[in-house]
Amino acid sequence: MAVESARLGAFDSEDPPSMDGLRACVHCGICLPQCPTFRVLGEEMDSPRGRVYLMRAAAEGRTELTPTLARHLDLCLGCRACETACPSGVPFGQLLEATRGQLARKGVRAPETDHRALSFALSLFPHPARLAPLLGALRFYQRSGLQGVVRSLGVLGPFERLRSMEALLPVVPARMAPLPEVTPARGRRRGRIGILTGCVQRFLYPDVNAATIRLLAAAGWEVIAPRGQGCCGALHLHAGRLEEFRGLARQLIKAFDPGLDLIVVNAAGCGSALKEYGHWLPDVASEAFAHKVRDVSEVLADSDLPLRDLPVTVAYHDACHLAHGQRIRTQPRELLRRIPGLTLVELKDADLCCGSAGVYNLVEPEIAGDLGRRKVARIRETGASIVAAGNPGCLMQIAQHCRAQGVEVEVAHPVSLLARALDESQIPAMRSSRS
Ligand code: SF4
Ligand code: SF4
């Protein structure tokens with residue numbers, strides 16, 4: 001989006017980072033210990049303060065947009081822990097996305113970044129029509145025993161990227177029947193709610209979508225899952241591919257009936273992006289859509305669900321785009337605490353990124369691996385039998401590193417645990433959603 005600006009330095013007028021946002025940084029350094037890449041790399045330029053310094057230097061014309069600058073921004077997870085920590089309100093996520101947008105359009109690339117892995121991920125994950133046949137083949141690979149042979153022979157040994165992608169893959173679930181487009185409310189009717197079924201969530205964690213619908217219906221919502229919905233564009237937004245993001249966002253908005261009361265999301269990264277539609281597409285329809293978006297935990301926290309005993313010990317991991325992107329921390333914990341018999345234990349550094357960060361773990365496997373191992377070390381300390389997290393990327397990353405380190409825990413979305421505890425016999429009989 002072009003803006004009037006007299007001084008853009010190395011940036012052009014199409015979606016430049018906000019000068020006010022850049023100037024808000026007072027260099028206090030409070031964000032540094034909260035930044036995962038600063039913790040791993042220990043470099044000022046790989047900290048939030050360093051990155052803001054670079055972006056501001058470019059905006060003030062003191063440096064060009066160089067491959068070195070691009071590399072420091074590529075290494076950023078986009079986790080937004082710095083936003084939570086910052087007392088000056090630096091909008092780091094939007095500054096990062098805008099700067100990445102400029103770098104991408106101008107073709108400024110860091111040679112150290114694996115752009116092929118990034119392009120591969122962006123050409124695959126947001127496209128259900130491409131993802132479905134690939135996952136069918138991967139399902140065969142896992143169930144035929146081929147995966148065991150490949151792993152035992154170390155066939156993928158020389159191919160580092162392929163090896164890390166293969167290791168990340170959870171067990172591909174059996175093909176499920178498509179979700180019902182309309183699920184009637186049960187009991188006292190609250191209204192009509194649309195559900196974003198996601199790309200990765202839809203194929204790798206279809207049970208999470210099914211559980212979300214079951215819980216929402218039990219809470220009195222008529223749930224609408226539009227068949228025609230595509231990708232929300234979150235991965236493109238975080239990578240700075242702003243035009244592709246806007247195209248996907250516009251299509252998604254059209255797929256949902258504007259008369260819905262709310263739109264619910266059960267993937268933190270997608271929810272965070274949807275809530276920012278009004279910023280990146282400042283028109284009435286996008287702003288109205290964004291205002292209706294809620295994480296599933298926000299909606300369920302406001303509901304009275306009949307729950308029965310589930311005697312398990314759970315550690316909760318804060319997905320970055322829930323805790324930092326949407327400032328949602330209490331609702332998922334409160335929901336888990338409502339389950340009788342469930343013990344919620346404290347996970348240290350619960351809101352430190354696990355290294356997933358969209359497709360970061362495919363593009364920067366070393367740093368992502370370091371963060372994954374740190375997360376598992378913290379999980380091991382808790383003695384929990386289940387780790388809960390509200391984002392499919394976190395579920396995959398944490399499960400992969402638990403497997404690799406021999407830590408036997410179940411990794412589950414909070415809604416899966418709530419659905420497991422849902423006492424169907426206590427829900428008033430199903431009735432027409434139109435009644
Ligand atoms: S978004 Fe995360 S990785 Fe990037 S600078 Fe902020 S805290 Fe560090
Ligand atoms: S906490 Fe905020 S103001 Fe302080 S250095 Fe970090 S970004 Fe700048």
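**Notebook: rings and a ligand shell**

I began with a charge beside a ring, and found that Arg62 lies over the face of Tyr53, at 5.6 Å from the ring centre. I note here that the model I am reading is predicted.

Next I looked up the aromatic pairs, of which the structure holds three. One of them joins Phe256 and Phe289, whose centres I list as 5.9 Å apart with 65° between the planes, an edge-to-face arrangement. I then checked where the two residues sit: Phe256 belongs to the loop between helix 14 (242-255) and strand 4 (262-265), while Phe289 belongs to helix 17 (residues 284-292), so this pair ties together parts that are 33 residues apart in sequence. I recorded Phe256 as buried, at a relative accessible area of 4%, and Phe289 as buried too, at 7%.

Tyr277 lies in helix 16 (residues 277-280) and Phe289 in helix 17, twelve residues apart, and the pair links distant parts of the chain. Tyr277 is also buried.

Finally I turned to ligand 1, which 13 residues surround, the closest being Cys35, Arg51, Cys76, Cys79 and Cys82. I sorted the residues of this shell into nine nonpolar, two polar and two charged. For the helices, I noted that helix 2 (36-41), helix 3 (48-59) and helix 5 (81-85) each supply at least two residues of the shell.

Methods. Residues are numbered from 1 along each chain as its sequence is written. Chains are lettered from A and ligands numbered from 1 in the order in which they are written. This is a predicted model: local features need pLDDT of at least 70, side-chain atom pairs count only at pLDDT 80 or more; totals for chains, interfaces and linings use all residues. Side-chain values use heavy atoms; hydrogens and water are left out. A residue is near a molecule or strand if one of its heavy atoms lies within 4 Å of it. Helices (H or I, at least four residues) and strands (E, at least two) are DSSP runs, numbered from the N terminus. Ala, Val, Leu, Ile, Met, Phe, Trp, Tyr, Cys and Pro count as nonpolar, Asp, Glu, Lys and Arg as charged, and the others, Gly among them, as polar. Rings of Phe, Tyr and Trp (its six-membered ring) pair if their centres lie within 6.5 Å; planes under 30 degrees apart count as stacked, over 60 as edge-to-face and the rest as tilted. Buried means under 20% relative accessible area, exposed over 50%, partly exposed in between (1.4 Å probe, protein chains only). A charge sits over a ring if NZ of Lys or CZ of Arg is within 6 Å of the ring centre and within 35 degrees of the ring normal.
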